[in-house]
Amino acid sequence: MEGKINKQLKKVLKKIVKEAHEPLAVADAKLGGVIKEKLNLSCIHSPVVNELMRGIRSQMDGLIPGVEPREMSAMCLGLAHSLSRYRLKFSADKVDTMIVQAISLLDDLDKELNNYIMRCREWYGWHFPELGKIISDNLTYCKCLQKVGDRRNYASATLSEFLPEEVEAEVKAAAEISMGTEVSEEDICNILHLCTQVIEISEYRTQLYEYLQNRMMAIAPNVTVMVGELVGARLIAHAGSLLNLAKHAASTVQILGAEKALFRALKSRRDTPKYGLIYHASLVGQSSPKHKGKISRMLAAKTVLAIRYDAFGEDSSSAMGVENRAKLEARLRTLEDRGIRKISGTGKALAKTEKYEHKSEVKTYDPSGDSTLPTCSKKRKIEQVDKEGEVTEKKAKKAKIKVKVEEEEEEEVVLVEEETSTKKKKKKDKKKHIKEEPVSEEEPCTSTAIPSLEKKKKKKKKKDIED
């Protein structure tokens, strides 16, 4: 199978070398190459040789005399099993199916125990309700109940094997003044039967837990050292087998068990979960809340290495797991101490804390909080002031322009009135001159010269107004 020459095969081939005149038919090409190198014997490997080997295996009964067919079939079956085990590197000790079944049964037993104990406390609480408040441990509660039964028997009973002296005295005192109802003997018998069931199941659970610890140390010792028996068994059960778990990546192992939360986060585009079943490992529990995600990522990476070493490695020691766990614990200590220690050359120097000095500040009263008017920011105030200034400037300019126009209009009206009055006077003067004296040739030229000057003045004023 490994392409190596056995001692028996070597002896046989040395005898054949002297008498062989033809090449040797070999089923494995690697083995043929080794024979050719060491014994200088020519070998042949082809499909025809494979068919020839198959014919020899099928006719083995006739070729080897003195062997019964029953023995031959048993030999063939044993050889097939051993070859398949060798090829798969399968070990009967490394059966992870037992771990899957054991952890599933352990979880079922925990659920049943919780239901039974809850029912027992509620049932017996009608008769002696004070006992449930005094004794918190479920197993001791059931053992005391099984030994005593009716609450009237507590005064004469001795519970020193289950309870300390102070608690025993408290129970006896509470039994005398209990406010519970009276129950019949038949009811007490049924309650006691339930108590025996609880005690038996709890004892079987401890036995099953010890079995699970032993199987985990035999099959996956490094994983057990890294994350513990229960978490390692739950990871194997969730993946189906140790080989399936070894095929997973570290990121998958980290969130294994939180698939619903992962797909919900991907669907709603929120933060994905940082841990799944690995959250219950002791290293993650020791870390502070802000370092849990970082520690779970590092623990998942080291756990995957331990899983692959346990699944495919031939060595069954837990040295690698112990080494990796020590590294993770050291890393956790550095993370926890990072706030206390400062980063220096060695990384060990403590941070120097400054002396606290109280700095008092005298605060004055701010009257701005009294006003109910809506306040605006400084930028908006400045903008408003600038805009108001611009608006007032524009209004002032418009007002000045209007005043100028009105003044010019008033001046025009005054000039027109003056012109009309001068015309009337001139007409009167003309009439007087006509009556008294004949009109001279120089007068009309003066009358015609005055309106021409006035026209020029009007034109100049209109141009000024337009400008």
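User: How do the residues lining the largest pocket divide into nonpolar, polar and charged?

Analyst: The model is a predicted one. In this model, the largest pocket holds about 920 Å³ of space. Of the 22 residues that line the pocket, the closest to its centre are Ala27, Met53, Arg57, Leu79 and Leu83. By class, the lining has 17 nonpolar, one polar and four charged residues.

User: Which helix gives the most to that lining?

Analyst: Elements giving two or more residues to the lining include strand 1 (24-25), helix 3 (47-58) and helix 5 (69-88). Among the contributors, the top giver supplies six residues. That is helix 5.

User: Are helix 6 and helix 10 roughly parallel or roughly antiparallel?

Analyst: The axes of helix 6 (residues 97-125) and helix 10 (residues 185-219) come within 9 Å. They cross at roughly 155°. Angles over 145 degrees count as roughly antiparallel. The pair is therefore roughly antiparallel.

User: Which residues of helix 12 meet helix 6?

Analyst: Helix 12 covers residues 229-239, and its axis lies 9 Å from that of helix 6. On the helix 6 side, the contact uses Ile99, Val100, Ile103, Leu106 and Asp107. The partners in helix 12 are Leu230, Ala233, Arg234, Ile236 and Ala237.

User: How many charged residues are in the contact of helix 6 with helix 12?

Analyst: Helix 6 passes helix 12 in a left-handed crossing. Their contact has eight nonpolar and no polar residues. The charged residues number two.

Notes
Residues are numbered from 1 along each chain as its sequence is written. This is a predicted model: local features need pLDDT of at least 70, side-chain atom pairs count only at pLDDT 80 or more; totals for chains, interfaces and linings use all residues. Side-chain values use heavy atoms; hydrogens and water are left out. Axes are lines fitted to C-alpha atoms, for helices over the stretch in contact, and angles run from 0 to 180 degrees between N-to-C directions. Helices (H or I, at least four residues) and strands (E, at least two) are DSSP runs, numbered from the N terminus. Angles under 35 degrees count as roughly parallel, over 145 as roughly antiparallel, 65 to 115 as roughly perpendicular and the rest as oblique. On a 1 Å grid over the protein atoms alone, a cavity is a set of points where a 1.4 Å probe fits but cannot get out, and a pocket is an open set with protein on both sides within 12 Å along at least five of seven lines; lining residues have an atom within 4 Å of a point. Grid points are joined across faces, edges and corners, and a volume is the space filled by probe spheres set on the points. Ala, Val, Leu, Ile, Met, Phe, Trp, Tyr, Cys and Pro count as nonpolar, Asp, Glu, Lys and Arg as charged, and the others, Gly among them, as polar. A crossing is left-handed if the near helix is turned anticlockwise from the far one by less than a right angle, and right-handed if clockwise. Contact means heavy atoms within 4.5 Å.
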